[in-house]
Amino acid sequence: MILDLDIGNTLSKWRLKDTLSSEIRSRGALWTREEWRPGSDIPDLDVVRSVRISSVARKAVLEETVALLRRRVVSVHVARSTAEALGVTNGYEEPWRLGVDRWLGTLAGYHLAGGCCVVDCGSAITVDFVLPGGCHLGGYILPGLRLMKESLKLGTRNVAIDPDSEADELLAPGKNTVEAVNHGIYMAAVSAVNRIYAEVCDREGVALPLLLTGGDARVVSRGLRVPHAVWPDMVYGGLEACFPLTAAERAGRLSGAPRVPAPAALEKIRAGLAFSTLL
């Protein structure tokens, strides 16, 4: 079995993947911690032969996790942000400072769709662009839905936005404080993503496929005005592309990869941008 770990600052996700069939056998999530308990926090390591790790947590968390795993597992692969990988050139002036989750998402998106825009809707919403040919432009970081809600300090943080709500409903004025907060932060998030996407496509003169991932991708997806795909396993896809361990991965088939719709025509993107600028 392969254990894939996506360690965030607050929440960590894991999955077990069968080495022979490339099927996902189980998944889990837990609060990030420095001391992990195999069999309780993560699967029993007796069945694991290889581990792949993406971590944006504190250095001590990663070091303790790797030390534990290397005592029990044959091979441990830790992803790092680099100046170049898999045909993509990192756009950061100091490539190692790019969050490795963003780097892996960009690599997975490029592997699947070529030039693209990758939006990760987590604690923060990150938007990264890579052009056809593999030039990563860099990106944008803005507060995620939960972080925006917490910043208002109105006692509404525990009332989540229903991911099944229709976009028209979420963009309408709220009828109470909870609705007003939820609809306001939703409007801010989707408006920012829509505008960033259109501005960069216009500036670069190319209509790029759009891919979403992260815990709030499903709800943000409902408010986007351009064709796009949601890929929950995008960071894992980046781990698979960087450290292919199964026959399917070595053949370029990444788990859960969606069908990516063709982007809107550049002229249509520019027309929508021009209209919004006039408002």
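## Two crossing helices

Axes here are lines fitted to C-alpha atoms, for helices over the stretch in contact, with angles running from 0 to 180 degrees between N-to-C directions. In this predicted model, the axes of helix α2 (residues 100-113) and helix α7 (residues 234-242) come within 7 Å and cross at roughly 75°. Angles of 65 to 115 degrees count as roughly perpendicular, and α2 and α7 are therefore roughly perpendicular to each other.

On the α2 side the contact is made by Asp-101, Leu-104, Gly-105, Leu-107 and Ala-108, which meet Met-234, Val-235, Gly-237, Gly-238, Leu-239 and Cys-242 of α7. Sorted by class, the residues in this contact of α2 with α7 are seven nonpolar, three polar and one charged.

## The five-stranded sheet

Five strands form an open sheet in the order β10-β9-β8-β11-β12, and their pairing is mixed. At the edges stand β10 (136-143) and β12 (229-230), each of which has a single partner strand, so one side of each is left without a neighbour in the sheet.

Within this sheet, strand β8 (residues 116-121) pairs with β9 in the antiparallel sense over six bridges, and Cys-116 stands opposite Val-130 in β9.

## Asp-128 in strand β9

Strand β9 (residues 124-130) includes Asp-128, a residue that is buried, with a relative accessible area of 2%. The side chain of Asp-128 is joined to that of Arg-102 by a polar contact of 2.8 Å, and to that of His-136 by another polar contact, of 2.9 Å.

Leaving aside residues up to four places away in sequence, Asp-128 touches Leu-98, Arg-102, Thr-106, Cys-116, Cys-117, Val-118, His-136, Gly-138 and Gly-139.

## Strand β1 and its two partners

Strand β1 (residues 2-7) is mostly covered, with six of its six residues buried. Ile-2, Asp-4 and Asp-6 point one way from the strand, whereas Leu-3, Leu-5 and Ile-7 point the other way, and all of these residues are buried.

Strands of a sheet pair through backbone hydrogen bonds, in either a parallel or an antiparallel sense. With strand β2 (residues 11-17), β1 runs antiparallel and is joined by six bridges, the two strands forming a hairpin with three residues between them. With strand β4 (residues 50-55), β1 pairs in the parallel sense, again over six bridges. Leu-5 has a bridge partner in each of these strands, namely Trp-14 in β2 and Ile-53 in β4.

Notes. Residues are numbered from 1 along each chain as its sequence is written. This is a predicted model: local features need pLDDT of at least 70, side-chain atom pairs count only at pLDDT 80 or more; totals for chains, interfaces and linings use all residues. Side-chain values use heavy atoms; hydrogens and water are left out. Helices (H or I, at least four residues) and strands (E, at least two) are DSSP runs, numbered from the N terminus. Buried means under 20% relative accessible area, exposed over 50%, partly exposed in between (1.4 Å probe, protein chains only). A polar contact is a pair of N or O atoms within 3.5 Å; within protein, one must be able to donate a hydrogen and the other to accept it, and residues adjacent in sequence count only if both atoms are side-chain atoms. Contact means heavy atoms within 4.5 Å. Angles under 35 degrees count as roughly parallel, over 145 as roughly antiparallel, 65 to 115 as roughly perpendicular and the rest as oblique. Ala, Val, Leu, Ile, Met, Phe, Trp, Tyr, Cys and Pro count as nonpolar, Asp, Glu, Lys and Arg as charged, and the others, Gly among them, as polar. Two strands pair if DSSP finds at least two bridges between them.
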